[in-house]
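This report describes the secondary structure, helix packing and nonpolar core of the model shown below.

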Amino acid sequence: MTTTAKGRTWLLYLGVAAVVAYCLAPFYWMLVSSLRRSSDIFDTSLLPSSVSFENYRAVFQPSQGFGRALLNSLIVAGTTTAVALLLATFTAYAMARLEFRFKRLILTLIIATSMFPVVSIVVPLLKLFTNIGWINTYQAMIVPSMSFVLPLAVWNLTTFFKQMPDELEEAAMIDGCTRGQAFRKVIIPLAAPGIFTTAIISFIAAWNEFVIALSMTNKQQMQTATVAISKFTGATQFDIPFGSQMAAGVLVTVPLVIMVLIFQRRIVDGLTAGAAK
Amino acid sequence: MVDTKTPPDATADGPTGPAGSRAGKASASRKGSNRAWATAASGRTAGLLVSPTLLVLTVVVLYPTIMAFRESLYGVKGLDPKTGFISDTEPYVGLKNYADIFGDAGDRFWNAFWNTTFFTVTTVALETLIGVAMALIMHKAFKGRALIRAGILIPWAVPTAISGLLWRWIFNSDGIANALIGHQVLWTTEGFHAKAAVIIAEVWKTSPFIGLLVLAGLQVIPKEVYEAARLDGAGPLAQFWRITLPLVKPALLVAVLFRCLDALRMFDLPYILIGAQKNSVETLSMLAQNEASNVRFGPAAAYAVLLFFYVFLIALGFVRLLGADVVGDTGGPRTPQRTRRLRRTVANRAEVPA
Amino acid sequence: MNARTTRVLQCSAVLVAAGLVLTACGSSGGSSSSGQSKSPSFTGRGPITYAAAKDSSGVVQKVIDSWNTQHPKEKVTFVQLPADVNQQRQQMIQNAETKSDAYTVLSMDVVWTSEFAAHQWIDQLPAARFPLDKMLKPTVETAKYRGNLYAVPAASDGGVLYYRTDLLKKAGISAAPTTWAEMKADCAKVKQLPEAKGMSCYAGQFEKYEGLTVNFAEAVNSAGGVITDAGGKPDVDTPAAKKGLDFLVDSFKDGTIPKEAITYQEEEGRQAFQSGKLIFLRNWPYVYSLAQKSKVAGKFAVAPLPGLTGPGSSSLGGHNVALSSFAKNKATALDFMKFFTSETSASTFLKDASLAPPYESLYDDAALVKQYPYLPVLKKSILGAVPRPRVVQYGDASSAVQQEAYAALTGDKSSAQALKDLQSDLQKSAAQ
């Protein structure tokens, strides 16, 4: 009994180690590359021969406007996530709890429309936004980002709401809650892991968006982080600034990791937290 | 668009529901009078709740999609040999751009089509395996798991373009991958190794997506269910197959669905990692982009529309598969014993503190 | 819910209608602009923009700033585009397709001129306004379409041969090779040296991208062949072209070119040369100052590219500036283009960012030659350079070249078959 338990713990840690290694090794390579001097950027030694922050200094040169770009990314991804989650919660509630016609069709349409290749929608959208004067605005990046965030949010939330037992709401409604209150006070807390997970995934998807953000802006103060990175150049058109690209990659990833660290308790403890209320 | 799609809807609902209009009543009567929500009022509420989403999607997707469909009926602008200028208007060619995929020029399309399908099947299968494993590990309680959870998410958080560059240097002829395996493989040249490189990088990047969604699915399974199973004498494997998997199925299927659809549109990674116009890795999105960048907007739009229909078919299949778990408006026995028990357990538990 | 459906339907109907109106407006705008570009009138003064890849040296902003202080009412804003050339081109085409005036002056790769001119995305320019006679002739040719000027050279570029002076000297070779046969013979001698152990002879850019088009064109031109003839017609299925392609194919086969060079772009080749893996490297002048900071510093020099029977010919690189057809304030734009491409600006670009100038006189400037010892070689390279095929569908032509050359280099096709297929692909593309 104890030997199998020990073996299982062993197996668990082995599994943890394998998965973590697979996830982190390439990221470690990114980190190491970002800390190399530009003269030995092509080294394959596992540790940088001498740690240098020149790539990070290059990223934060005032002319790159990278700090502002990070802020823009935060605004665009944050607003996209908030709005998408709000709209998706309404829709997902209807999908999970109400009976109405065309539900299946609407769900299919929501998902299918979101899947049109971005390269094909960008030119019509650019025409539209040019005509209504939206070029170089946040909404020109936020609204198109909805196209891939919203369907994901709707589908995810629908699944999670659907998993919540109807009886809970019914009990709350018997206690005098309206349907809206019952939903807010009972279902939302219980579905918190799903909601926070959806928020994180939506945020990351919006944070990483590139083609639309590139096409809809032509002012440096409006560009997002991914667009700013695409504009990094070396001394000439052939010289690829690999080091600063990797440094910037680390810099755009770290805020997301911190966010996940903050919210991960929510992801994992959602059910217990909800039930304790 | 919604209106024109009504006939397909009728056929879509046909086999599963006895009749679209009767489905509501049927489920209501089955469930008892307290759940008689399928009224006109609930229809109106549903309309109110759903329309903002549909409105947003109409603006950002439906409109460009219709424009792209219109574009796909036009050919390439011709060059006037006398003036040397390209004409202003595109010739209307009807469905020629679509018919062309069955002609000589179709080879490239079909190659891209099979590449896209191959990448989707292999990457999503691997991601599902690894993602579920990640979720099970993240679900376990052990020291430092908060950091591990955040760590596992890192690949998904790295922007695709950056991860493409990172992997390109890893798979460089003098890169770390070759240094580690002690043998020089020219990953970015044509051949199966190029496909393998794309799959490795793609699976690395997107497994956490499935892992995270499945983890959230695991979190809403109450521990009581496992305790009950343990009392029944179920081992860990049996618990996984008979409790965990069925209960996370909806979350897993949604995750897999979105991964499939996203994989079908794969573009950045093979483009940056291996390069444009490599037959081994060219996907439909790359083909559409390539045509558009050579100012052949008609054929580019046609490829995009074809990809759209491909995606649409797969989405439809998933909706059917997921039907009861997500849509749940059709008849038929759909509440398995286990879920009933779960629901009751959760209900009891939540009611006690309230 | 019927009400809702109808509402959605109305919405989409309105949007579709709006879309149709937009396109209707768009096409009428197009026909009026075509009238403009046939008899361009450069009117209007005021703020304009300059769209180009970001430059890390900051010299472009410096030149723009000096214009802005002189012309406070006609300020130029630098719109920075992505570093990737394909993305730059795509952004410019998107803006042209939407007839946007966001970009006024465009910084274009030399090979885009024909395409942009034929689509009337850029205006024909008055040649008399620019000092073209002082510029290197091949660079001016890249700015023309059907004999008319559509752009002004801002920077040029040409391929040069980097070689390890230390090793050649040790092997008793005094001068850089001028032919491929000499280069191979020199390699054989150098490889006898103990310090040349494991080194490869030669590399260029052979990955399947624009660099392969450049290297293929150079090989063909250096053997006396052409890709397109003087009239722009494809003529690549010739014995001379075959000799050029065979040089590359055979070099891959006999190991003169290392097999990993099939994955080389500019940077991979530079890396291999800097880490001492190559004796000879074909690359652009940008490598010079970077390699001076590496472990081969002081051990290399540059020479013109070798050819079949004598010095070879380079492909021509560089950038031109053009005027977007859809822009406002074209009078200002024209003045700015003149300022931006002046000899003074070109000398600033060379000093601060080592951009090869289009002006002949700067290559003979003693102070500049001291700063950039490769200038005399580069001048020779540019003067003897052959432009890449100047066709409207350049993207297609270049893709076809890459497809066939890559197949020949990897041994999928014989060089004869590859050239035959390339000829027919190019003819098909030209017929479109």
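## Chain B overall

What percentage of the 354 residues of chain B count as buried? The share is 48%. The model is a predicted one, and every value in this report is computed from it.

Chain B has 15 helices and zero strands. Of its contacts with a separation of 6 or more, 69% are between residues 24 or more positions apart.

## Helices α6 and α9 of chain B

Helix α6 of chain B covers residues 145-157, and helix α9 of chain B covers residues 192-219. Their axes come within 7 Å and cross at roughly 125 degrees.

On the α6(B) side, the residues in contact are Ile152(B), Leu153(B), Pro155(B) and Trp156(B). They meet Trp204(B), Lys205(B), Thr206(B), Pro208(B), Phe209(B), Gly211(B) and Leu212(B) in α9(B). Sorted by class, this contact comprises eight nonpolar residues, two polar residues and one charged residue.

## Chain A

Chain A is made up of 12 helices and zero strands, so that the order of elements from the N terminus reads α-α-α-α-α-α-α-α-α-α-α-α. Its C-alpha trace spans about 70 × 70 × 30 Å along the principal axes.

Chain A has 277 residues, of which 60% count as buried. Among its contacts with a separation of 6 or more, 73% join residues 24 or more positions apart.

## The largest nonpolar core

Which residues touch the most other members of the largest nonpolar core? They are Val214(B), Ala255(B) and Ala304(B) from chain B, with Tyr162(C), Leu245(C) and Phe280(C) from chain C. The core holds 319 residues.

The contacts of Leu245(C) can be listed. Leaving aside residues up to four places away in sequence, Leu245(C) touches Phe216(C), Ala219(C), Val220(C), Ala405(C), Ala408(C), Ser415(C), Ala418(C) and Leu419(C).

## Helix α15 of chain C

Helix α15 of chain C runs over residues 375-383. Its buried residues are Leu375(C), Val377(C), Leu378(C), Lys379(C), Ser381(C) and Ile382(C).

What do the buried residues of α15(C) pack against? Their partners in chain C include the helices α5 (137-141) and α14 (366-371). The strands β6 (152-158), β7 (160-164), β10 (300-303) and β11 (316-323) of chain C are also packed against by these residues.

Methods:
Residues are numbered from 1 along each chain as its sequence is written. Chains are lettered from A and ligands numbered from 1 in the order in which they are written. This is a predicted model: local features need pLDDT of at least 70, side-chain atom pairs count only at pLDDT 80 or more; totals for chains, interfaces and linings use all residues. Helices (H or I, at least four residues) and strands (E, at least two) are DSSP runs, numbered from the N terminus. A residue is buried if 20 or more other C-beta atoms lie within 10 Å of its own, exposed if 12 or fewer, and partly exposed in between; C-beta atoms are placed from the backbone. Two residues are in contact if their C-beta atoms, placed from the backbone, lie within 7 Å. Axes are lines fitted to C-alpha atoms, for helices over the stretch in contact, and angles run from 0 to 180 degrees between N-to-C directions. Ala, Val, Leu, Ile, Met, Phe, Trp, Tyr, Cys and Pro count as nonpolar, Asp, Glu, Lys and Arg as charged, and the others, Gly among them, as polar. A nonpolar core is a set of buried Ala, Val, Leu, Ile, Met, Phe, Trp, Tyr and Cys residues joined through C-beta atoms within 7 Å.
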